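Subject: Structure handover and notes

Dear colleague,

Here is the structure for your files. My notes follow below it; please read them with the coordinates open.

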Amino acid sequence: MTRGEIKERNRRALLQAARQAVARDGHRARLEEITEQAGLTTGAVYSLFGSKNGLLAALVEDLSGHHYAAVEQAVPVGLDLVEAVDAFARFCVRTCADPEALAQLSFETGLQDMALRDPGLRAVLATSIRSHEECLAEVFTGRAFPGGSVTQPQARRLATVLRALLAGLGQRAVLGLDEEHSEQHFAAAARAMATPAVLGPA
């Protein structure tokens, strides 16, 4: 293996181990346990990510990158705003049915648990959330809507509301709190947010 390939292999091993540790242990996840599971030393974390929080930030970004690449495929160009919102909601339903959905929810809960106790990580997580909302806003910006097309500020407002709504519905679905959850239910709730009142001024 080349030096670059070894570096990437170590990076992937640490990201995978960190995801499992955070999902399992929350704020009790220890760097030493993460590196042991990855078959590396703590020095590898500092070399590749700068710190434990840097590792966690990279993990969040890595997962988000895959997520929004899938979103862009699920919400094709050419749909108007309401159609795009509908397609995004249906994509979210499908992620809830994924075999990895419970593990992902466990990871997200563990990360929030850590962030509540660590102001530095909380700032990292807040930056990541804003970045996610910007990515989603890009998906909706320029979509046709009665009276014109959606501006970037309007798309940002909508993205914030949709992420909160669908994350909440998604958690209920993954935990089995609702006897019935369907694409139609998710999509109808999301479409109800695509209104001038939510979009706000251009």
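The notes below cover confidence, salt bridges, helix packing and a surface patch.

This is a predicted model, in which local features need pLDDT of at least 70 and side-chain atom pairs count only at pLDDT 80 or more, while totals for chains, interfaces and linings use all residues. Residues are numbered from 1 along each chain as its sequence is written, and side-chain values use heavy atoms, with hydrogens and water left out.

Confidence

The average pLDDT (the predictor's confidence in each residue, from 0 to 100) is 90 for the protein, and 98% of the residues score at least 70. By element, the lowest mean, 84, belongs to helix α4 (residues 52-74), and the highest, 96, to strand β1 (residues 144-145). Helices (H or I, at least four residues) and strands (E, at least two) are DSSP runs, numbered from the N terminus. Where pLDDT is low, the predicted coordinates should not be read in detail.

Salt bridges

There are 12 salt bridges in the structure, each being a side-chain nitrogen of Lys or Arg within 4 Å of a carboxyl oxygen of Asp or Glu. For accessibility I use buried for under 20% relative accessible area, exposed for over 50%, and partly exposed in between (1.4 Å probe, protein chains only).

One of the salt bridges joins D113 to R117, with the closest N and O atoms 2.3 Å apart. About one helical turn separates D113 and R117, because they are 4 residues apart in helix α6. R117 is exposed, at a relative accessible area of 52%.

Helices α7 and α8 are linked by the next two pairs. R163 and E133 form a salt bridge at 3.7 Å, N to O. This pair links distant parts of the chain, 30 residues apart, with R163 in helix α8 and E133 in helix α7 (residues 119-140). R163 is partly exposed, with a relative accessible area of 26%, whereas E133 counts as buried because its value is 18%.

The side chains of R156 and E134 also meet in a salt bridge, at 2.7 Å from N to O. Here R156 in helix α8 and E134 in helix α7 are 22 residues apart, and the pair again links distant parts of the chain. Both ends are partly exposed: R156 has 33% relative accessibility and E134 has a relative accessible area of 31%.

A network of salt bridges links D86, R90, R94, E183 and R191.

Helix α9

The buried residues of α9 are F186, A187 and A190. They line one face of the helix, because they fall within an arc of 95 degrees when seen down the axis of α9; the arc is that of the directions from the helix axis to the C-beta atoms. Their cover includes α5 (81-96) and α8.

S182 sits in the loop between α8 (152-175) and α9 (183-191). S182 is partly exposed, at 26% relative accessibility.

Surface patch

L102, L175 and L177 make a nonpolar surface patch of about 310 Å². Patches are made of residues with over 30% relative accessible area and no salt bridge, with like charges joined within 9 Å and nonpolar side chains (Val, Leu, Ile, Met, Phe, Trp, Tyr) within 5 Å. Accessible areas come from the Shrake-Rupley method with a 1.4 Å probe, and for residues only the protein chains shown count as cover. L102 lies in helix α6 (residues 101-117) and is exposed, at 51% relative accessibility.

Regards

How values were computed:
Contact = heavy atoms within 4.5 Å.
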